[in-house]
Amino acid sequence: MFLRDTRILLSVGTLCLAASILLKRFGGQSGILAFIEGLLIGIALVFNITYLILIRRERNSR
């Protein structure tokens with residue numbers, strides 16, 4: 001993976017999650033908005049899980 005800085009992973013994951021929640025709350029009932037919301041949730045999951053894996057590896061290597 002090209003992103004190894006854990007601060008960036010966590011920041012982008014959190015921003016994607018917040019954007020998807022705001023889109024759900026204030027976006028309306030459009031099909032394309034539902035797609036974008038799901039895409040943002042998927043990106044947030046991947047980035048946050050990757051962050052957890054990298055932090056775990058870093059702690060185990062100490």
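S20 counts as buried (under 20% relative accessible area, with over 50% taken as exposed and values in between as partly exposed; 1.4 Å probe, protein chains only), because its relative accessibility is 1%. The model is predicted, so local features need pLDDT of at least 70 and side-chain atom pairs count only at pLDDT 80 or more, while totals for chains, interfaces and linings use all residues. Residues are numbered from 1 along each chain as its sequence is written, and side-chain values use heavy atoms, with hydrogens and water left out.

S20 sits in helix α1, which spans residues 6-26; helices are DSSP runs of H or I with at least four residues, numbered from the N terminus. Leaving aside residues up to four places away in sequence, S20 touches E37, L40 and I41, where contact means heavy atoms within 4.5 Å.

C16 also lies in helix α1, and C16 is buried, with a relative accessible area of 12%. With the sequence neighbours up to four places away again not counted, C16 touches L40, I43 and A44. C16 and I43 are 27 residues apart in sequence, yet their C-alpha atoms are 6.8 Å apart in space.

L17, another residue of helix α1, is partly exposed at 36% relative accessible area. Together with I21, I41, L45, I49 and I53, L17 makes a nonpolar surface patch of about 520 Å². Helices α1 and α2 (31-61) are the elements that give two or more residues to this patch, and α2 gives the most, with four residues. Accessible areas come from the Shrake-Rupley method with a 1.4 Å probe, and for residues only the protein chains shown count as cover.

Technical notes:
Patches are made of residues with over 30% relative accessible area and no salt bridge: like charges are joined within 9 Å, nonpolar side chains (Val, Leu, Ile, Met, Phe, Trp, Tyr) within 5 Å. A salt bridge is a side-chain nitrogen of Lys or Arg within 4 Å of a carboxyl oxygen of Asp or Glu.
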